[in-house]
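Good morning, everyone, and thank you for making the time.

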Amino acid sequence: MSTTDPDPPSGLVGLRPLTLSAMIAGALRFLTRQPRTALSIGVIAGFASAIANIVGLGTVYPGVQERLAAVEPLAADPAAADQSALASAVVELLVSTVGMLVMVWLISVPVLAIANAMLIAAVGADVSGQPVSAGSAWASVRPKFVRVLALWLVILATVGLCALPLVISMSVAQTDPVAGLGLSFLLAPLCLGALLMVLPRLVIAPVCLVLEDQAVAVAFIRARELAKGHWARIVGIAIVALLFSRLVGAVVGLPFDIFAGADPLSTQAVFFTSLGRMAGTAVSLPLLSAAFVMLYVDLRVRGEGLGQS
């Protein structure tokens, strides 16, 4: 998709303003129209998620369990517990949990970024009425490989800047747990608000980079132009699409979790939870990527008359 040449009004969805339900339906239709392409790319991303899950369970999760065990007796009767000790235990639990999540995300994000770009290319081609294979999607993304990774570094840095006040408050909590936790609760809504303000650009920029072959900075500028006047709508749709894709992924991964057993660190549990993570990501990522492409198409139709004669 170029910024100047309109796409043919055939393919995955018609080039018309799309409702939320039409975007979700389009994402589901992509899975049914191109299951081999969508799932083969999704499995690659799922494998990265499974590896990250194994590393997290093997390295950081035991520490999280220890801190959780320290919190439980204090939280059972918070009125009788020493408030400073309770706050300190909660801070240690939060820090270790967030640290594990960040580590798992950083391990998997390079593969997820490339897989997302390949899915964007595949969905974009399908919208134009030209379904492609996973190999063709990779051939389209390969010249943009460095730019895709650079864009995601910018996205991660932006999210980190939004969360920086919370990082500072948690550092304060290491020395003064009560004050640090109080400050964290006060700053959390501000950090969330800052993230939501930039969310439209973070969602649309990867699509602009892949489908319009833009540079990293230009992709963010282009995303800002497309999102102008549609902030609330984009944020709402992005959140719904994320929740929907995660719900579908959780349902797909549920059977594997059932067989995992009670001990999360047992070989059986690690094996089945990793398989569940792989299967869930293999389905949820194509859905999410397709939904964001649907949103991009909608913004271009509304703002630029894409495909309108």
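This is a predicted model: local features need pLDDT of at least 70, side-chain atom pairs count only at pLDDT 80 or more; totals for chains, interfaces and linings use all residues.

The largest share of the lining of the largest cavity, four residues, comes from α4.

The structure holds one cavity of 30 Å³ or more, and the volume of the largest cavity is about 40 Å³. Which helices each supply at least two residues of its lining? They are α4, spanning 83-127, α6, spanning 145-175, and α7, spanning 177-212. Sorted by class, the lining has nine nonpolar residues and one polar residue, with no charged ones.

Two of those helices, α6 and α7, also pack against each other, at an angle of about 175° and with their axes 7 Å apart. Angles over 145 degrees count as roughly antiparallel, and α6 is therefore roughly antiparallel to α7. In the contact of α6 with α7 there are 24 nonpolar residues, five polar ones and one charged one.

Now let us keep α6 in view and turn to another partner, helix α8, which covers residues 216-227. Here the axes come within 9 Å and cross at roughly 60°, so that α6 and α8 are oblique to each other, and the crossing is right-handed. On the α6 side the contact is made by Arg147, Ala150, Leu151, Val154 and Ile155, while α8 brings Val216, Ala219 and Phe220. Seven residues of this contact are nonpolar and one is charged, with no polar residue among them.

The last pair joins helix α1, residues 20-33, and helix α9, residues 231-258, whose axes come within 11 Å and cross at roughly 40°. That angle makes α1 oblique to α9, and this crossing, too, is right-handed. From α1, Leu20, Met23, Ile24 and Leu28 meet Arg233, Ile237, Val240, Ala241 and Phe244 of α9. What is the make-up of the contact of α1 with α9 by class? It has eight nonpolar residues, no polar residue and one charged residue.

Technical notes:
Residues are numbered from 1 along each chain as its sequence is written. Side-chain values use heavy atoms; hydrogens and water are left out. On a 1 Å grid over the protein atoms alone, a cavity is a set of points where a 1.4 Å probe fits but cannot get out, and a pocket is an open set with protein on both sides within 12 Å along at least five of seven lines; lining residues have an atom within 4 Å of a point. Grid points are joined across faces, edges and corners, and a volume is the space filled by probe spheres set on the points. Ala, Val, Leu, Ile, Met, Phe, Trp, Tyr, Cys and Pro count as nonpolar, Asp, Glu, Lys and Arg as charged, and the others, Gly among them, as polar. Axes are lines fitted to C-alpha atoms, for helices over the stretch in contact, and angles run from 0 to 180 degrees between N-to-C directions. Angles under 35 degrees count as roughly parallel, over 145 as roughly antiparallel, 65 to 115 as roughly perpendicular and the rest as oblique. A crossing is left-handed if the near helix is turned anticlockwise from the far one by less than a right angle, and right-handed if clockwise. Contact means heavy atoms within 4.5 Å.
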